[in-house]
Amino acid sequence: MRADRVFAYGATVGLLGDLLLGDPRRGHPVAVFGRAAGAVERVMWRDHRGWGALHTVVCAGGAAALGAVAARAVRRSPAASVALTGAATWAVVGGTSLAREARLIGRTLQAGDVEAARERLPHLCGRDPQALDADGIARAVVESVAENTSDAVVGALMWGAVAGVPGLLGFRAVNTLDAMVGHKSPRYRRFGWASARLDDLAGWPGARLTAVLAALAGDDPRGAVRAWRRDARRHPSPNAGPVEASFAGALGVRLGGTLSYGGRVEHRPVLNTEGRAVVRDDIERAVRLSRRVGLLALGAGVAGRLLTRGRVR
């Protein structure tokens, strides 16, 4: 069976698995990888960029190599190749968990329980919840939905279309390492530098594809493109900027502005300045947009593979 069909069937099965089942409560493969990467870090950690780069190569390279070995082992069986691709897609795509967490916070805000929403917010993003009111929590959720649509859905599908199972596992490994060590705390400023830079590179094409698809799938395509072109470069993240700006324009809301991480206040530029402030009902709108973007990303990945007409060997 051609590689394009293996990816088309397998990725579709995997995305359906995520839609129907979501993530497992225990023993999630990404969590297993995280524990393994943490164990490697305990052995290798030095306050040095070179050691951090080696840690990135060992962990992310190991995940991609595992995918390559597994794909090679089943290459003579079309059914097994599709099953492996489906399992890998289900393991790395997190759209249902993202939607579930966002909607849970939305329901608590709808019920007027802001304190419960604050308690739940760290499950979705790293903001300081005590510094946020109801509308601030809603804005944080919409921004997280936008960014994670790129990281947890579109980017993974894109790299799966490009490189099959190794691409799926390698991309999610890079993204997970960035979340673990890619921030600018005293411990990780040097050690996590390579993981952060690699995540920027790996996420670059998926973020642009997410921005394009959000414009196509949103309520205001022109507004999405306008906000992306005008405001994305002002965001401190080269990948979150296009995604959040396009979502803001597509939803007709303002994102960005003042936020707090770990007790540190940041004043970020406002994205889509002519939009209105985010309210709790926008959480559901953002989740629905994220769902549409994920389905379009699957279609784009399958179409790309069909056009290249690669073959399993």
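Guide: Accessible areas here are computed by the Shrake-Rupley method with a 1.4 Å probe, and for residues only the protein chains shown count as cover. On that basis the chain has an accessible surface of about 14,600 Å², of which 59% belongs to carbon and sulfur atoms. The model is a predicted one, in which local features need pLDDT of at least 70 and side-chain atom pairs count only at pLDDT 80 or more, whereas totals for chains, interfaces and linings use all residues. Residues are numbered from 1 along each chain as its sequence is written, and side-chain values use heavy atoms, with hydrogens and water left out.

Visitor: Why is cysteine 59 called buried?

Guide: Buried means under 20% relative accessible area, exposed means over 50%, and partly exposed lies in between (1.4 Å probe, protein chains only). Cysteine 59 has 6%, and therefore counts as buried. Cysteine 125 is buried as well, because its relative accessibility is 15%. Of the 313 residues of the chain, 50% count as buried.

Visitor: How many disulfides does the structure hold?

Guide: A disulfide is a covalent bond between the sulfur atoms of two cysteines. The criterion applied is a pair of cysteine sulfur atoms within 2.5 Å, and the structure holds zero disulfides.

Visitor: How do you know whether tryptophan 204 is buried, partly exposed or exposed?

Guide: Tryptophan 204, in helix α8 (residues 193-217), has a relative accessibility of 47%, so it counts as partly exposed. Its C-alpha atom is 9.3 Å from that of alanine 240, which is 36 residues away in sequence.

Visitor: Which residues does glutamate 101 contact beyond its neighbours within four places in sequence?

Guide: Contact means heavy atoms within 4.5 Å. Glutamate 101 is in contact with Arg120, His123 and Leu124 once those neighbours are set aside. Glutamate 101 belongs to helix α5 (residues 95-110) and, at 16% relative accessible area, is therefore buried.

Visitor: Why is glycine 94 called buried?

Guide: Glycine 94 has a relative accessible area of 9%, and so it is buried. Glycine 94 lies in the loop between α4 (78-92) and α5, and it touches Asp18, Ala152 and Arg172, not counting residues up to four places away in sequence.

Visitor: What makes the phi angle of asparagine 272 worth noting?

Guide: Phi of asparagine 272 is near 65°, a positive value in a residue other than glycine. Asparagine 272 is in the loop between β2 (264-271) and α11 (281-308), and its relative accessible area of 3% is the reason that it counts as buried.

Notes: Helices (H or I, at least four residues) and strands (E, at least two) are DSSP runs, numbered from the N terminus.
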